[in-house]
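Notebook open, structure loaded. I want to go through a few spots one by one and jot down what I find.

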Amino acid sequence: ILCAHLFEGYVKLGANDNISGSAALIEVARTLNDLIENGLLPRPKRSIRFIWVPEFQGTIPWAIKHKDILSKTLCNINLDMVGLWLSKSQSMYCLHRTTMGNPHYLNDVAENFYHYMGATNKSFVATGMGRPDALKPVVSVTGSRDPFYYSINAHYGASDHEVFNDWGVQVPGVIMITWPDNYYHTSGDRPEICDPTQLHRAIVLAAVSAYTIAEAGEEGAAKIASEVASNAAKRMAIKMKYDLSLLNEATAENFAQLYRSARFNQDAMLKNETATLATVMELAPASAALKELVNTLQAGVKTTWTTNGKSIDAAMKSKASALGVAPIKSIVLTAEEKAASKVYPRSTAKVKEYGYGVLRSVPADVMAKYGFNKRGAVNHGGEIAKLTVGGTNSVLDIKKMLDAQFPNPDSLETITNYLEMLKEAGLVEF
């Protein structure tokens, strides 16, 4: 499903926010239809659905009404503010990935095409018989000839893809958006701030990402799985690099905690990347060859985790020597952590039966019993809930995955209480 919001509230309507996304969506549909009807692309194996709605106020009722469609939907791409003239606003075309609560190969499919667009829409140094111009320019006659300025970012909500990412819906969704936007929510949001070339590129990226997934069979799924696995190793290395930089600056007082965080972060990354690879199976569920490939790639991710762990251990020993303290022989779990490692919460059927906004179904007296209220005494309740889908994460795993993603994660006690509340409400079982 591709979506774009026509209005915010009942009256707000800007050129970039979000006539650009709404218009781009029409052009995505026209482009794909023409290519298919003229025999230039095979008709995809799956349907591609387009919805234009008021932001949230249209998406939410649509999701509530169409549970039958959502039960068969693989993923969502949300176009929200896609046309800004990037160089004039010192902005980027951002892809915001899903959280660990919605692991999915969509992230890697879209990211691949962002990188491709970036690599083929910039000039090169010409030496001898070099080729200085863009290799495969995507431009508009009336637009800029700028390089493609883009950024791959962590999750960001506050738009229609969050309806799809909801615990009761469980359709992974990403947002493609130009940001920062100096005209955001102002009367300056007029057509002249938009770049026809950026609109053209946004259309291509949305179309090719959607079509790749809609058309993927066993062969396409294998390519996607390989892309996920290669990116997984990179993401795990980036996380390790960050943690090692902190460990290298450690003091005797925080040394043990930083080492512990580094190892736990790799545990979280392993869980997420393994789960992401598993989602590829939905493209060819009967394929034994694909299953074997996914299993092999998951084993490779486990090997990366082992190697990274050894690197972290080596850095820890080096830092311990520099600080004049004893190296840490092993991580010892607290009693609370040991207990949390043995409990695996799993979403019940009631979650999807209720659908969007299921967390609002928890009775007020049940919330109060566990120290919560409608405004919440929890930072990431929705993410805690989503990490129970499938029942493959222990309570301690959930804590590690929150810590790896957010600067203000909830305590293990808060997470445990929150899950107990969901259990009493019949939405989670242990």
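This is a predicted model: local features need pLDDT of at least 70, side-chain atom pairs count only at pLDDT 80 or more; totals for chains, interfaces and linings use all residues.

I started with Cys75: at a relative accessible area of 9%, I log Cys75 as buried (buried is under 20%, exposed over 50%, partly exposed in between, with a 1.4 Å probe and protein chains only). Next I looked for a sulfur partner. The closest cysteine sulfur to that of Cys75 is in Cys3, 11 Å away, which is too far for a bond; I take a disulfide as a pair of cysteine sulfur atoms within 2.5 Å. Cys194 is in no disulfide either, with the nearest cysteine sulfur, that of Cys94, 15 Å away. Cys194 is buried too, with a relative accessible area of 12%. By this rule I count 0 disulfides.

Residues are numbered from 1 along each chain as its sequence is written, and side-chain values use heavy atoms, leaving out hydrogens and water.

His104 sits in the loop between strand S4 (92–96) and helix H5 (106–120); helices (H or I, at least four residues) and strands (E, at least two) are DSSP runs, numbered from the N terminus. Buried or exposed, this His104? I get 3% relative accessibility, so His104 counts as buried. Its side chain makes a polar contact of 2.9 Å with the side chain of Glu282 (a pair of N or O atoms within 3.5 Å; within protein, one must be able to donate a hydrogen and the other to accept it, and residues adjacent in sequence count only if both atoms are side-chain atoms).

Then helix H15. Of the 11 residues in H15 (395–405), 9 are buried, among them Asp397, Lys399 and Lys400. What covers the buried residues includes helices H8 (218–248), H9 (255–279) and H16 (412–424).

For contrast, I checked helix H10 (288–323), where Ala322 is found. Ala322 is exposed, with a relative accessible area of 64%.

Last entry: Trp52 lies in strand S2 (50–53) and, at 33% relative accessibility, counts as partly exposed.

Note on methods:
Contact means heavy atoms within 4.5 Å.
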